[in-house]
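Hello,

I am passing this structure over to you, and I hope you enjoy looking through it.

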Protein chains: 2
Amino acid sequence: MSKKLVGACLFGQSGGPTAVINASAAGAFLEALKHEEITGIYGAEHGVRGILNDRLFDIRQEDLHELELLKNTPSSALGSVRHKLKPFNVDESEYIRILEVFQKYNIRYFFYNGGNDSMDTCNKISKYLQSQNYECRIIGIPKTIDNDLFGTDHCPGFGSAAKYVATSLMELYLDTHVYDTGIVLIVEVMGRNAGWLTAASTLGAPQGFGPDLIYLPEIPFDVDDFIEDVKNVAARKNNKVIAVISEGIKDQSGKYISEYLVSLKRDSFGHAQLGGTATVLAGIVADKFKIKVRPIEYSLLQRCSAHIASKTDIEEAFNVGAFAVKQAIQGETDKMVAIIRDYQADTYKVSYQLVDVAGSANLEKHVPIEWIKPDRSGMTQEFYDYVMPLIQGEANQPKENSLPRFAHLKKIYAKK
Amino acid sequence: MSKKLVGACLFGQSGGPTAVINASAAGAFLEALKHEEITGIYGAEHGVRGILNDRLFDIRQEDLHELELLKNTPSSALGSVRHKLKPFNVDESEYIRILEVFQKYNIRYFFYNGGNDSMDTCNKISKYLQSQNYECRIIGIPKTIDNDLFGTDHCPGFGSAAKYVATSLMELYLDTHVYDTGIVLIVEVMGRNAGWLTAASTLGAPQGFGPDLIYLPEIPFDVDDFIEDVKNVAARKNNKVIAVISEGIKDQSGKYISEYLVSLKRDSFGHAQLGGTATVLAGIVADKFKIKVRPIEYSLLQRCSAHIASKTDIEEAFNVGAFAVKQAIQGETDKMVAIIRDYQADTYKVSYQLVDVAGSANLEKHVPIEWIKPDRSGMTQEFYDYVMPLIQGEANQPKENSLPRFAHLKKIYAKK
């Protein structure tokens, strides 16, 4: 065990929110409260931007009951951000500011909850603070509905989004089959470069309520093949076709299908701002077939639907937050918490470990191609074995008048 | 009590599905099984079209457990239809066919579950059969997420859709406030001429998670006012604006806002096929403001989300189905089941009564204008008092592997 490090801890949230991202915050905060080494507990308002702006919430002023409610409150309660730090040998100014704020509050523990970009941010800040001989233990906490982080079996947030995507698709399946008239339903699911969520739309298939066709970004998308697929299903299934597509599908040349319609905007990480792919394809189908076409975008709903979160996911999200704090107290730094699954165990069983941040940042974990059926009709058993445990259990969200009772944080800024 | 009428009963579903429409079918079927007068129990495949095509399911061949599961299975398990019968003095052919099929199966009880149009269908068939001296008791069972049926305090299906709309809006509220950048979220809710569901998006407002602006079809929509409203909220609320609009909003001249973009298709009842209104308005806002705009359509999801159905709604939907059968056995005909609320009672209390079908068909019940705040910021207390009881209680949907376990009907056609 390393030497005892006394000081404040800071927790930040970054990137796209999830239904359970605040469960990790709850895990970290409630764990931090147990340790005498931790002299202050802060939450950064809008992640790194809150550090740069010196806007930190004093978590010790929050009600314990409200911190508990964070487990069932979706969408980055502290505020999130998409902010990419330049390498510090290119521009040191933001790093200087971060060090200044860390010194001001004596922040010796920093936990950053996010996806690939956030792990990169952890890595950069940690390297910089080391170069300045400022002792601070930094642990990344994984989070993303896209499930595309390397080094962890799966990502907190994915299980709940998968459960939403699968359940909603089952319901849409029934709705689509209500009339005796034909319909082509094109459902668009999030996932920029990894098709985990799109694949999860098939989870109701064993019960008979899955999509007919799925298109993941792992495989180049061909519009002619798509038209042919729709035609074949329509012929076989009385003009009822449900196709699920990832927002991130690209053609052979690497051009996003959504770009066929609109000029592309990019966020501050340089990622394409996607959406509208289902509408583009609906237009193409409507031109080719005399069948009603309806595009549906799960849009933001799939990443904030805490009312249908997976209990397993909530618990794991809480645990990765708590584990990060425990490990930092033990002396660990420069790591990301990973969920390790015991594939030898009879039932689903996970443990938590630390993995190298540097190794996982900026890499994306894709769906294995061999798990995707070549005729685009669904996923193999390997995929079900992988995903089904992650959606198990109900959220049992606390309610008030039969509506969700979300956490109400006071959000009092730390004394400057 | 009227004379005992022995014969088969037929149940049909019509119009847009709801999350709880099958609960009414379950109520009717399970009640019908108790009565010796009822010699056969049939379900019409795709409503009136199933009668015209002589495609009736033999419900007695179904598993009792699966019929129970209908309570938590969304979206017209027998199949629905939008088919408008011509007045029989204009074209008698379909009525002749209906009589023929009724005689063939000795159908003496007919229950039709739908909205305004379905009540009109009940009325026409009943009048025709009377003119032919064919004794058949016909009861309409209300259903619509739009809540626009006259004669009943509220409609089965509405409470569950309202709960979905409100809960999802609360989640979207949190998602929208995650970043420190501005966003105008425009959420489109179903409701052709009545804004009940759009109004229900405000139910989370007392908790602090409601929309900023709502636009119901009851009030003519003015694009300039809308732009001004968005501008004012953006100025006051740090460029965060959530506007909820009904798909059915029209301008002063009566033109649907969705028509601003697309040429209008009409369904077989002559209703405009709506959708895309949020996209039209998003385009207009994007032209006027330098704020990110995101349109979201709840689309089909709001009418099939059985996973978040209201327990109160499920029970009432079941009860109206069972009540229809009981009353028909007692000799009643030519009526619609209505839910009557006791507004004098200390807690929410309803009873069921029969009301005239002829009086309610083809009329629409609108949201009282005085319940809509003139500044479009929300609804008055009267609205909350009316709606909140309807969303109470959780669905507790049966699950299989943590996904919904929907009813699997065998759907065996009745012997011809």
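Let me begin with one residue of chain A. A:Q61 touches A:K410 and A:I412, leaving out residues up to four places away in sequence; two residues are in contact if their C-beta atoms, placed from the backbone, lie within 7 Å.

Before going further, a word on the source: this is a predicted model, in which local features need pLDDT of at least 70 and side-chain atom pairs count only at pLDDT 80 or more, while totals for chains, interfaces and linings use all residues. Residues are numbered from 1 along each chain as its sequence is written, and chains are lettered from A and ligands numbered from 1 in the order in which they are written.

Back to A:Q61, which sits in the loop between β3 (56-58) and α3 (64-69) of chain A. Helices (H or I, at least four residues) and strands (E, at least two) are DSSP runs, numbered from the N terminus. A:Q61 and A:K410 are 349 residues apart in sequence, yet their C-alpha atoms are 7.7 Å apart in space. A:Q61 is partly exposed, because 13 other C-beta atoms lie within 10 Å. For this label, a residue is buried if 20 or more other C-beta atoms lie within 10 Å of its own, exposed if 12 or fewer, and partly exposed in between, with C-beta atoms placed from the backbone.

The C-alpha atoms of A:P74 and A:F406 are separated by 8.2 Å, although the two residues are 332 residues apart along the chain. Beyond its neighbours within four places in sequence, A:P74 is in contact with A:P17, A:A19, A:C304 and A:A306, and also with B:E171, B:L174 and B:D175 of the other chain.

That brings us to how the chains meet. The contact takes 45 residues from chain A and 45 residues from chain B. On the side of chain A that touches chain B, α6 (158-176), α10 (301-304) and β13 (403-404) of chain A each supply at least two residues. The largest share of that side, nine residues, comes from α6(A). By class, the side of chain A that touches chain B has 22 nonpolar, 16 polar and seven charged residues; Ala, Val, Leu, Ile, Met, Phe, Trp, Tyr, Cys and Pro count as nonpolar, Asp, Glu, Lys and Arg as charged, and the others, Gly among them, as polar.

How are the two copies related? A rotation of 180° with 0.0 Å of shift along its axis superposes chain A on chain B, with an RMSD of 0.0 Å. The two copies are thus related as by a two-fold rotation axis. The superposition is by least squares on the C-alpha atoms of residues with pLDDT of at least 70 in both. The copies meet through the same surface, because 100% of the interface residues of chain A are also interface residues in chain B.

Now for the sheet in chain B. Seven strands form an open sheet with mixed pairing, in the order β3-β2-β1-β4-β5-β10-β11 (chain B); two strands pair if DSSP finds at least two bridges between them. At the edges are β3 (56-58) and β11 (350-356) of chain B, each pairing on one side only. From one strand to the next, the twist averages 30°.

Here are some of the pairings:

- β4 (residues 107-114) and β5 (residues 137-142) of chain B pair in the parallel sense over six bridges, and B:G114 stands opposite B:P142 in β5(B).
- β5(B) and β10(B) run parallel and are joined by two bridges, with B:K335 in β10(B) as the bridge partner of B:I139.
- β10(B) and β11(B) run antiparallel and are joined by seven bridges, and B:I339 stands opposite B:Y352 in β11(B).

β10(B) is mostly covered, with five of its seven residues buried.

Finally, two residues to check in the backbone. Most residues other than glycine have a negative phi. Phi of B:N401, however, is near 55°, and B:K411 has a positive phi of about 50°. B:N401 is found in the loop between β12 (399-400) and β13 (403-404) of chain B, whereas B:K411 lies in the segment after β13 of chain B.

Best wishes

Methods
Axes fitted to C-alpha atoms, helices over the stretch in contact; angles between N-to-C directions.
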